[in-house]
Amino acid sequence: MNVPDRTQKELDSFRCDFEGRIATVGTTARDSQPFAVLPRRSALGFEAINFLVLNTGYAEECFTALDGKVKYILVDIEMKKHIDLMDIARKCVKKSMLVSYKPNDTTLEAADFFLRHYFADHMRGKTVLIYGAGNLGAKLALRLVERGADVFLDSRNPEKTADIIRALNYLIPKCADQSIQAVQSYKALEKKIDVFISFTSASHVISSSYTKCIKEGGLALDGGINNFTEDFLREAASKSINCSRLDVRAAFPHTVLFLLEHIRNFYEHVQGEGVFSGVRAVAGGLIGKEGDIVLDQIKNPKQIVGIANGIGGLKPEVDYTETERINIQKLKNWLKR
């Protein structure tokens, strides 16, 4: 397999300026090709070419071929295999900027976006069955129950699933009416499920028997890769169950958020501490010392938020000392310059 040539072919596909060029390099827990090219993505002025690697040699070749040809290389830091991609990248990449990223988070956002769009942003009262209690299944279960859905969670390991459900239910707000439940009987769920979602690392494991629990006209979403069997898809079609495979490209903007100027500006211009007219001030979430003036932003501030009480909050105005009142006025005069 000629990794440099396949990488170069993807590099040749760019139509944006160098500043918007991204390459992502990730891995997977699944048994897959040792090197694969994934669909290209674009959003917010960025374009991304995407690669999957499963061994050190191919990772080294890929990173070396990308170095200096893209502005950013997003490196998967989720340890799905015994391969440390970031460690390899730091040894091979000398010119491009390395950025850590978590593909599972992008997949989670893609699933959430898909369901919100499909149900017109109204999940309350929907009954959802998620098969797969790993990273993605568990996180999505929590997300959907917080959106008001009734969620059932199941997997090939009932004991593990029960432990995860107990843990997730501790995180649900106390006032929520819903909770995450284990599947006690599929017979009891027949034609009661609005949405069936699979998140497993194995191919063709969701058989036609699962269609019995999905309502006619319901939704079946393959969140993994080829989780559904052919029999499942045929049976679903006969029952007017809408089947979709999750496309994570919808959540590509989530991947590039860290690269946006808005994020850089926050840490460079909003958050910080400084001295104005001899008065110490903080902004952007920094916990000030008692008496510090809290501003809306540290560069070119426009608003005085209050006076820090030294323990993470603001002092009531009635508790201001004379010095603090003078300092507030100094800052007000400074802002009027």
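Analyst: This is a predicted model. Ask away.

User: Where is Glu 78 placed, and is Glu 78 buried or exposed?

Analyst: Glu 78 sits in the loop between strand 4 (72–76) and helix 3 (85–92). Its relative accessibility is 11%. Buried means under 20%. Glu 78 therefore counts as buried.

User: Which residues is Glu 78 in contact with, leaving aside its neighbours within four places in sequence?

Analyst: One contact lies back along the chain, and the others are a run of residues further on. The set leaves out neighbours within four places in sequence. The contacts are Thr 27, Lys 102, Pro 103, Asn 104 and Asp 105.

User: Which backbone nitrogen lies 3.1 Å from a polar atom of the Glu 78 side chain?

Analyst: Two polar approaches can be told apart here. The side chains of Glu 78 and Lys 102 are joined by a polar contact of 3.4 Å. The backbone nitrogen at 3.1 Å from a polar atom of the Glu 78 side chain belongs to Asn 104.

User: How many salt bridges does the structure hold?

Analyst: Asp 87 and Lys 91 form a salt bridge at 3.2 Å, N to O. Another joins Arg 166 to Asp 163. The total for the structure is 21.

User: Why are Asp 87 and Lys 91 separated by about one helical turn?

Analyst: Lys 91 is exposed at 58% relative accessibility, while Asp 87 is partly exposed at 35%. Both belong to helix 3. They are separated by about one helical turn because they are four residues apart in helix 3.

User: How far apart are the closest N and O atoms of Arg 166 and Asp 163?

Analyst: Both residues lie in helix 6 (residues 158–171), three residues apart. Arg 166 is partly exposed at 49%, and Asp 163 is partly exposed at 45%. Their closest N and O atoms are 2.3 Å apart.

User: Are Glu 324 and Lys 315 buried or exposed?

Analyst: Glu 324 forms a salt bridge with Lys 315, with 2.8 Å between the closest N and O atoms. Glu 324 has a relative accessible area of 7%. Lys 315 has 13%. Glu 324 is buried, and Lys 315 is buried.

User: Which residues do salt bridges that share partners join into one network?

Analyst: Glu 78 returns here as a member. The network is built from salt bridges that share partners. Its members are Glu 78, Lys 102, Asp 105 and Lys 139.

User: Which backbone oxygen lies 3.0 Å from a polar atom of the Thr 229 side chain?

Analyst: Thr 229 lies in the loop between strand 10 (214–222) and helix 7 (230–238). It is buried at 17% relative accessibility. Residues it touches include His 204, Val 205 and Ser 207. The backbone oxygen in question is that of Ile 206.

User: What is the relative accessible area of Ser 198?

Analyst: Ser 198 is in strand 9 (residues 193–198). Its contacts include Tyr 131, Leu 221 and Phe 228. Ser 198 is buried, and its relative accessible area is 0%.

User: Which residues lining the largest pocket are the closest to its centre?

Analyst: The largest pocket has a volume of about 1,300 Å³. It is lined by 47 residues. The closest to its centre are Thr 28, Arg 30, Thr 107, Gly 223 and Ile 225.

How values were computed: Residues numbered from 1 in each chain as written. Predicted model: local features only at pLDDT ≥ 70, side-chain atom pairs only at ≥ 80, totals over all residues. Heavy atoms only, no water. Helix = DSSP H or I, 4+ residues; strand = E, 2+ residues; numbered from the N terminus. Buried < 20%, exposed > 50% of the residue type's maximum accessible area, 1.4 Å probe, protein only. Contact = heavy atoms within 4.5 Å. Polar contact = N/O pair within 3.5 Å; in protein donor to acceptor, adjacent residues only side chain to side chain. 1 Å grid on protein atoms, 1.4 Å probe; cavity = no way out; pocket = protein on both sides within 12 Å on 5 of 7 lines; lining within 4 Å. Points joined across faces, edges and corners; volume = space filled by probe spheres on them. Salt bridge = Lys/Arg side-chain N within 4 Å of Asp/Glu carboxyl O.
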